[in-house]
Amino acid sequence: MRESRLVSRLQERDEAAFREMVRTYGQRVYNLVFRMLGNREEAEDLAQEVFVTVFKSIDGFRGDSKLSTWIYRIAVNHCKNRHKYLARRMVHARAPLDAADRDAAGRDGGPTMALQAQISQPDKLLEGLQLEEALQREIAALDEEQRLLIVLRDVQGLSYQEIASITALPEGTVKSRLHRARMTLKDRLQKFM
Amino acid sequence: MDHEAVQERFSDYLESELPPEEQAEVAAHLESCEACRNELLAFRQTLRSLAQLPPIPAPEGFVGKVQQRINKRSRGRFFRAERLFFRVPFEWISFVIIILMLALYILLMQEVRPLATPPPKKAPVEKKLPR
Ligand SMILES: [Zn+2]
């Protein structure tokens, strides 16, 4: 369905359009939120909140940006607020991305299979998994803004233009801060490579 | 260009965002500096690993859960527009149709009966009306 058509159906409170929208953007939003919060339960709750907000404010969507950009913006705002909230509640003190979260995320099932396909030797596989784990951990250890930029650009592959629009940062700033974040990750992952 | 200046430009270099002369300068430095070559290799590997992170599947039944939450928050009024404009009128429309059909049925029965039974006392009644 074309985006403008989907938007106008959403604005008419069309349930089928709503389901299609959540199906289309749900995975991306959930992945972003999960990487930002590092906790599966929080992420599921927050991802749901994102779509509640999307629906509550769809009338205000004027098509100045892509629908996905607008949804991302809402998701990022929710993440920021939740971070503040969690910081206040000190719930955030626990290590993000603990083993239970990763198991729940199916890390030992489906996604690993893709990795196995890429890496044939068993010790290479182990190396790959260790690197992946280290990567998850180091992403979670970045500061909030760096993590956001890394996830949007390097994990999810958004364009600089989109990221600038989502974060309300100039493109140049996005690039320089992202570069900082990449260098930090590189240094912290050095021993795994 | 020194090591730091070169490494500062890794992102732009890999994404070919540098002005041509800077791109060439970085390339020339890399040619002659093993340390920066190794750094670039690690930098590249980091980017590659990030791009290869497997997506985490959305929780099961996510769409339904969001819908439930919206309906709960709005006490079922969220998708109201659709329901008001389509569902509720259908109830009224079907009610009206049933009444109409009932009326039609009664009318037809009244018309059929006169035909089956001998001429009614209708005429006298009608004659009385003008008075
Ligand atoms: Zn150098």
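This is a predicted model: local features need pLDDT of at least 70, side-chain atom pairs count only at pLDDT 80 or more; totals for chains, interfaces and linings use all residues.
Chain A contains 10 helices and zero strands. Its elements run α-α-α-α-α-α-α-α-α-α from the N terminus. Chain B has seven helices and zero strands, in the order α-α-α-α-α-α-α.

Burial was computed for each chain. In chain A, 51% of the 193 residues are buried. In chain B, buried residues account for 24% of 131. The accessible surface of chain A is about 9200 Å². Carbon and sulfur atoms contribute 49% of that area. Chain B exposes about 9800 Å², with 62% supplied by carbon and sulfur atoms.

Contact range was examined next. Contacts between residues at least 6 apart in sequence were considered. In chain A, 63% of these join residues at least 24 apart. In chain B, the share is 41%.

Helix 2 of chain A, residues 15–37, was followed through two packing contacts. One partner is helix 4 of chain A, residues 67–89. The two helices pack at an angle of about 35°, and their axes lie 10 Å apart. Their crossing is right-handed. From helix 2 of chain A, the contact draws on Met21(A), Tyr25(A), Arg28(A), Val29(A), Leu32(A), Val33(A), Met36(A) and Leu37(A). Helix 4 of chain A meets these with Leu67(A), Ser68(A), Ile71(A), Tyr72(A), Ala75(A), Val76(A), Cys79(A), Arg82(A), His83(A) and Leu86(A). By class, the residues of this contact are 14 nonpolar, two polar and two charged.

The other partner is helix 8 of chain A, residues 144–155. Here the angle with helix 2 of chain A is about 145°, with the axes 10 Å apart. This crossing, too, is right-handed. Helix 2 of chain A presents Leu32(A), Arg35(A) and Met36(A). Helix 8 of chain A answers with Glu144(A), Arg147(A), Leu148(A), Val151(A), Leu152(A) and Val155(A). The contact comprises six nonpolar, no polar and three charged residues. Leu32(A) and Met36(A) take part in the packing against helix 4 of chain A and in that against helix 8 of chain A.

The largest nonpolar core has 63 residues. The residues with the most contacts inside this core are Leu10(A), Met21(A), Leu32(A), Phe51(A), Val54(A), Leu67(A) and Ile71(A). Helix 2 of chain A gives the most to the core, with 12 residues. Phe51(A) touches residues of both chains. In chain A, Phe51(A) meets Met21(A), Val22(A), Tyr25(A), Gly26(A), Val29(A) and Ile71(A). In chain B, the partners of Phe51(A) are Phe62(B), Val66(B) and Ile70(B). These lists leave out residues up to four places away in sequence. Another core, of 12 residues, lies apart from the largest one. Among its members are Val6(B), Val26(B), Cys33(B) and Cys36(B).

Glu162(A) sits in helix 9 of chain A, residues 160–167. Glu162(A) counts as buried because its relative accessibility is 16%, whereas the cut-off is under 20%. Beyond its neighbours within four places in sequence, Glu162(A) is in contact with Lys66(A), Ser68(A) and Thr69(A). Ser68(A) also belongs to the contact of helix 4 of chain A with helix 2 of chain A.

Terms used: Residues are numbered from 1 along each chain as its sequence is written. Chains are lettered from A and ligands numbered from 1 in the order in which they are written. Side-chain values use heavy atoms; hydrogens and water are left out. Helices (H or I, at least four residues) and strands (E, at least two) are DSSP runs, numbered from the N terminus. Buried means under 20% relative accessible area, exposed over 50%, partly exposed in between (1.4 Å probe, protein chains only). Contact means heavy atoms within 4.5 Å. Accessible areas come from the Shrake-Rupley method with a 1.4 Å probe; for residues, only the protein chains shown count as cover. Axes are lines fitted to C-alpha atoms, for helices over the stretch in contact, and angles run from 0 to 180 degrees between N-to-C directions. A crossing is left-handed if the near helix is turned anticlockwise from the far one by less than a right angle, and right-handed if clockwise. Ala, Val, Leu, Ile, Met, Phe, Trp, Tyr, Cys and Pro count as nonpolar, Asp, Glu, Lys and Arg as charged, and the others, Gly among them, as polar. A nonpolar core is a set of buried Ala, Val, Leu, Ile, Met, Phe, Trp, Tyr and Cys residues joined through side-chain atoms within 4.5 Å.
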